[in-house]
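Welcome! Please take a moment to look over the sequence and turn the model around before reading on.

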Amino acid sequence: MMDRLAALLLARGQPVTALVAQPQPRGTGQFARGKQMLAGNFLMAGELLKSGDAVPFRATTADAVDALHGFDWLNDLAAVGDQQARKLAQKGLADWLAQFGRGQGPGWVPGVAGRRLLNWLSHAVLLMQGQEKPFQDRFLRALAHHAGFLVRRAGRAAPGLPRIAAHTGLLFAALSLEGWERRIDPTAKALLADCNRQIDNDGGIATRSPEDLLQIFVLLSWTAQTLDDLGRAPDAGMLDLLSRLGRALRALRHADGGLARFHGGGRGNEADLVAALAMHDALYRNPVAGSGAGPVMGFARLAAGRSTVLVDAAPPPVVAAPSQAHASTLAFELTSNRRPVIVSCGDGTSLGVDWQRASRASASHSTLSIDGYSSARFTGTDRNRLKLTDGPRHVGCEFRHTSYSRAVALSHDGYIDSHGLEHTRFLDLSADGRVLSGEDMLISGGRTARKRFDDVLVRTRGAGIAYSLRFHLHPEVEASVDMNGTAVSIMLRSGEIWVFRAEGHALTLAPSVYLEKARLKPRASLQIVLSLRAQGYTSQVNWVLAKAQDTPLALRDTMQENPLAVPEL
């Protein structure tokens, strides 16, 4: 309410100004997606909106609304760049100004307004080319209106990416608009101070979403490069901040270049990450080094040979991001060369409430879960805003590297209150990256925990507490059960073959899904499931995932998909 009131009050009296500088577009627009828009199909955050010759600003999901009102689609139309694309972009701007320009609608929150202002400024030539002076003056007034709004409200934006986007949008306005030069230095200082408050010494953020971290890094790298282009070299504090972010993202990136998919984040745009790292290196003239051995943003990384393992090794962000946090503690992902093998299902927010809730459960991650329970609890009367309100309080993470392996010991207490059980997990990746060994245990220790376990066991009439180990496979993987149900063969499109075994336990292949924000529907996949029962104070499962012996150390992967490919509608 306060955001809209500020926007309405500032709608009058904003001076007509001129652009004294224009930041270069840094977004990686997709030509194919732009052509889809010209055909009347707008795919926004997984929601397909049909339109004739206009931009449809009426979406149903929050992510789609933000993408539309943030004008993220301008990058895709700019990638097409012809007269038809320019006219659609200009009509979209005119329609938005007519409907929402005075402060109405859902786009008047600081984070979205900052994104919109950044996109408008970087595509100002596209938006003003061939237009009459009255329209250009109206656009310039709108830029000044947004800048004035952000002066008042940027500091009130939600923590994390929205607040940084708001401050960044205001800084670009100060750099670009005539008469706003006096605001450049204080806005740059405010942006840096706010980032330092929100970004840890290891480069992590409180929401623990790797994709959010990437977007912040892209924004700040773009800011530093633009300052340098305009003869205002970024100070040492900004470069230090970028280095911390770069090191964190290196640690959260798999061997194939994609990010770990946890806490509402997807793989991220690999091109954006590479471009941002290149901008940083050019400015700092000191390439971003790899991360240290400790966890980064609560994620443990094991890397050896051509394999990477990333594990969620910290409590979920109950306070910082209760509406997007997942019950994924101790879940891991494995990538071999350029191919994901073991994954998380991903975030289902763009597919509706039911998919959102299902995707956040422990069963949608590659970890142990007690049947019918997650390691964290979700509550809320509004089904559109289910919040994670309680989860593991104590999560242990201890690296145990040797000369022949990279290993980590983990634990969490998410099932202590409900079942009196602690989950411990030990992961060991061989030095050549060909073997990942695991040990999962449920342990009831201490008088209180054992009493709780005994009470739950009585209710099962001695049958034991049912639990499952799940290993979700990437949809491009082909899997089959072998050796009378004691092994699963996993073939990657590169030709690599991995074999999964669990000592003395039968394995099953069950249906699973792979959720991506850019797709209208889930992709069908499979998961390896071990179904077990805890009948004593200690229950242990050992398993191993290893490359087949005849799989060579290196393969030429000629089947790699186009990273810029757009899903068919």
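## About the model

This is a predicted model, in which local features need pLDDT of at least 70 and side-chain atom pairs count only at pLDDT 80 or more, while totals for chains, interfaces and linings use all residues. Residues are numbered from 1 along each chain as its sequence is written, and side-chain values use heavy atoms, with hydrogens and water left out.

## The whole chain

Let's begin with the overall picture. The chain holds 16 helices and 20 strands; these are DSSP runs numbered from the N terminus, with helices being H or I of at least four residues and strands being E of at least two. Its C-alpha atoms fill a box of roughly 80 × 50 × 50 Å along the principal axes. The radius of gyration is 25 Å, which agrees with the value near 25 Å for a compact globule of 569 residues. That radius is taken over C-alpha atoms, and the globule rule is 2.2 Å times the number of residues to the power 0.38.

Of the 569 residues, 56% count as buried. Buried means under 20% relative accessible area, exposed means over 50%, and partly exposed is in between (1.4 Å probe, protein chains only). Among contacts with a separation of 6 or more, 69% are between residues 24 or more positions apart, where contact means heavy atoms within 4.5 Å.

## Two nonpolar cores

A nonpolar core is a set of buried Ala, Val, Leu, Ile, Met, Phe, Trp, Tyr and Cys residues joined through side-chain atoms within 4.5 Å. In the largest one, of 93 residues, Trp73, Trp120 and Leu220 touch the most other members. Apart from it lies another core of 45 residues, among them Val456, Leu469, Leu530 and Leu532.

Leaving out residues up to four places away in sequence, Trp120 touches residues including Phe71, Trp96, Phe139 and His146.

## Helix H14

Helix H14 spans residues 353–360, and its buried residues are Val353, Gln356, Ser359 and Arg360. They lie on the same side of H14 because they cover an arc of only 135° around the axis; the arc is that of the directions from the helix axis to the C-beta atoms. These buried residues pack against strand E8 (377–379) and strand E9 (387–390).

## A loop residue

Ala233 sits in the loop between helix H11 (210–229) and helix H12 (236–251). Is Ala233 buried or exposed? With 60% relative accessibility, Ala233 counts as exposed. Beyond its neighbours within four places in sequence, Ala233 is in contact with Leu227 and Asp228.
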